[in-house]
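Please keep the sequence and the model in view while reading.

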Amino acid sequence: MEQVLAEVLPRYLDQSCFAMVLGGPEETGQLLEHRFDYIFFTGSPRVGRIVMTAAAKHLTPVTLELGGKNPCYVDDNCDPETVANRVAFFRYFNTGQTCVAPDYVLCSPEMQERLLPALQSTIARFFGEDPRSSPNLGRIINDKHFQRLQGLLGCGRVAIGGQSDQSDRYIAPTVLVDVQETEPVMQEEIFGPILPIVNVRSLDEAIDFINRREKPLALYAFSKSSEVVKQVLARTSSGGFCGNDGFMHVSLASLPFGGVGASGMGRYHGKFSFDTFSHHRGCLLRSQGMEKIYSIRYPPYTPRNLRMLLVAMETRSCSCTLL
């Protein structure tokens with residue numbers, strides 16, 4: 001994306017107005033020394049803190065679209081094939097390298113037993129018996145992230161997939177079971193084709209598990225019961241929420257997209273992007289006439305003038321122009 005933007009933006013935009021700077025931490029650090037009207041950053045919470053600290057020196061407002069571990073609760077009252085289709089689609093989309101992919105599934109042991117064969121069948125249908133040869137499965141972006149993801153494959157027990165090839169930066173669509181909350185795969189955003197399943201015994205236990213952790217960028221709940229989905233929505237906090245589907249809420253320009261807490265701040269997409277980069281400037285214009293009427297707001301203050309002001313405010317629904 002960096003290469004595409006570096007090529008396309010100068011071609012179509014006025015370079016005296018728009019500038020693009022390529023670089024790493026050193027260049028970004030120098031850039032942040034300057035004063036801007038607004039800073040928009042998407043990346044990790046660690047770098048988000050650095051950006052926000054630099055912005056604070058100039059009292060520059062920021063939008064931070066960070067990441068985190070997006071939970072996916074699967075109720076016992078579900079069709080496992082439907083859940084498998086939707087979860088596999090948005091977990092392995094772009095080889096799992098999206099900030100809104102589900103980072104782990106919460107479900108009962110009984111639901112896990114029903115879900116695993118459905119996921120196995122779905123993965124085979126999506127990517128074939130040999131996913132490595134599938135034109136529909138990408139590769140990990142670089143060697144650094146491949147090494148990081150390969151280390152996460154050692155967590156829990158591999159139930160589906162688990163194959164990898166460093167020379168091709170290939171990691172198969174993988175499902176992990178018997179995963180413990182303290183393992184590395186549950187401590188960091190995965191950003192790859194690995195899906196851990198963590199067992200819970202009830203909806204309450206799932207909600208407690210979610211609420212013990214940092215607030216996620218996205219949260220998903222699957223159930224045939226609308227009441228269960230509403231319970232998850234009402235009793236948790238997240239940047240976005242989707243019931244019985246995955247990350248499709250991000251595709252709707254009519255909905256705001258953004259994080260909360262450790263997953264970021266601010267919102268964008270559609271008109272929300274325009275609002276984010278706009279200053280909503282309050283403006284009142286009036287003439288110099290009617291000064292005798294306006295004079296009731298001036299000292300010396302009297303009970304009569306106060307009553308007149310209160311009446312004026314009531315008749316104008318608390319938008320009194322005399323004030």
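How many disulfides does a search of the whole structure find? In this predicted model, the search finds zero. The points below set out the cysteine distances behind that result and then turn to a strand and a pocket.

**Cysteines**
- Because a disulfide requires two cysteine sulfur atoms within 2.5 Å, Cys 107 is too far from a partner to form a bond, its closest cysteine sulfur being that of Cys 72 at 9.1 Å.
- For Cys 155, the closest cysteine sulfur belongs to Cys 107 and lies 18 Å away, which is likewise too far for a bond.
- Cys 107 is buried at 0% relative accessibility, and Cys 155 is also buried, with a relative accessible area of 4%.

**Strand E8 and its partners**
- From strand E8 (residues 174-177), Thr 174 and Leu 176 point one way while Val 175 and Val 177 point the other way, and all of them are buried.
- Strand E5 (residues 157-160) pairs with E8 in the antiparallel sense over three bridges, and Arg 157 has Val 177 in E8 as its bridge partner.
- Strand E9 (residues 194-199) pairs with E8 in the parallel sense, again over three bridges, with Leu 176 standing opposite Pro 196 in E9.

**Second largest pocket**
- The second largest pocket holds about 160 Å³ of space, and its lining divides into seven nonpolar residues, four polar and one charged.
- Helix H5 (residues 109-127) gives the most to this lining, with three residues.
- Among the lining residues are Gln 120, Ile 123, Glu 129, Ile 160, Tyr 170 and Pro 173.

Definitions and conventions
Residues are numbered from 1 along each chain as its sequence is written. This is a predicted model: local features need pLDDT of at least 70, side-chain atom pairs count only at pLDDT 80 or more; totals for chains, interfaces and linings use all residues. Side-chain values use heavy atoms; hydrogens and water are left out. On a 1 Å grid over the protein atoms alone, a cavity is a set of points where a 1.4 Å probe fits but cannot get out, and a pocket is an open set with protein on both sides within 12 Å along at least five of seven lines; lining residues have an atom within 4 Å of a point. Grid points are joined across faces, edges and corners, and a volume is the space filled by probe spheres set on the points. Helices (H or I, at least four residues) and strands (E, at least two) are DSSP runs, numbered from the N terminus. Ala, Val, Leu, Ile, Met, Phe, Trp, Tyr, Cys and Pro count as nonpolar, Asp, Glu, Lys and Arg as charged, and the others, Gly among them, as polar. Buried means under 20% relative accessible area, exposed over 50%, partly exposed in between (1.4 Å probe, protein chains only). Two strands pair if DSSP finds at least two bridges between them.
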